[in-house]
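Got a minute to go through some labels and what stands behind them? Here is the model to look at.

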Amino acid sequence: ASFGSIKTFESLTLAGALDDFQIPRSRLIAGLPQALETVTKDRSRNAEGQMSLFGGESSIGESVFVFPESDIPELKKSELLKGEKEMTGLYFSGHPLDGYGDLVERIGAIDARTLREKLVDGSLKKNNLIKYVGLVTKKRSKVTKKNDIMAFVSAEDESGEVEIIVFPTLYSESGSKISEDKVLVFTGNPELKEAYGDEGSDNIS
């Protein structure tokens with residue numbers, strides 16, 4: 001009998017669900033094939049025993065599997081956060097914009113929630129120029145009738161998400177900078193537009 005699939009335990013690991021075992025996620029993932037093989041074999045030999053995947057004791061007092069010490073480096077912070085987001089839709093151990101607070105304050109950037117609130121109450125107008133710092137979550141390119149390329153970019157901060165329209169002229173200059181999971185500074189004119197998003201961008205850095 002199978003104890004469970006490697007994919008299932010990888011997903012749990014990436015989501016941070018196994019962090020209480022205090023084993024780095026990279027080490028857990030690397031050791032999963034051997035761990036599951038060991039536990040599955042022991043479970044087959046003793047179907048009534050309660051087997052522990054993470055080095056605990058079975059009901060008959062024998063150690064089933066202990067993850068070996070390893071010099072495998074832990075995943076990068078960005079990789080840990082990406083795994084959490086992909087598995088659960090949420091971040092648990094931090095946010096990709098952690099560490100960008102000084103930059104946001106220095107350039108006077110606005111967050112998604114404040115941007116929407118100010119557009120709704122009218123304190124921010126379409127002709128106002130704003131800066132926004134966000135993590136790119138999606139990029140969709142489109143060819144215009146003039147055969148130019150523009151893009152619709154989804155970006156998020158800790159307060160919410162905005163859609164940023166990158167028009168052809170800027171896209172030809174800076175489109176290569178835009179990629180998913182990258183933190184960028186956008187400068188542009190904000191607008192509430194249900195069909196297209198919140199901002200048209202005049203600059204990307």
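**Labels and their cut-offs**

Q: Why is asparagine 147 called exposed?
A: Asparagine 147 has a relative accessible area of 65%, and exposed means over 50%, buried under 20%, partly exposed in between (1.4 Å probe, protein chains only). So asparagine 147 counts as exposed. A quick note: this is a predicted model, where local features need pLDDT of at least 70 and side-chain atom pairs count only at pLDDT 80 or more, while totals for chains, interfaces and linings use all residues. Residues are numbered from 1 along each chain as its sequence is written, and side-chain values use heavy atoms, with hydrogens and water left out.

Q: What makes the phi of asparagine 147 worth a look?
A: Asparagine 147 is not a glycine, yet its phi is positive, about 65°. Most residues other than glycine have a negative phi. Asparagine 147 sits in the loop between strand 1 and strand 2 (strands are DSSP runs of E, at least two residues; helices are runs of H or I, at least four; both are numbered from the N terminus).

Q: How do you know whether lysine 145 is buried or exposed?
A: Its relative accessible area is 88%, so lysine 145 is exposed. Lysine 145 also lies in the loop between strand 1 and strand 2.

Q: Why does glutamine 22 count as exposed?
A: Because its relative accessibility is 73%. Glutamine 22 is in the loop between helix 1 (6-14) and helix 2 (25-45), with a positive phi of about 55° although it is not a glycine.
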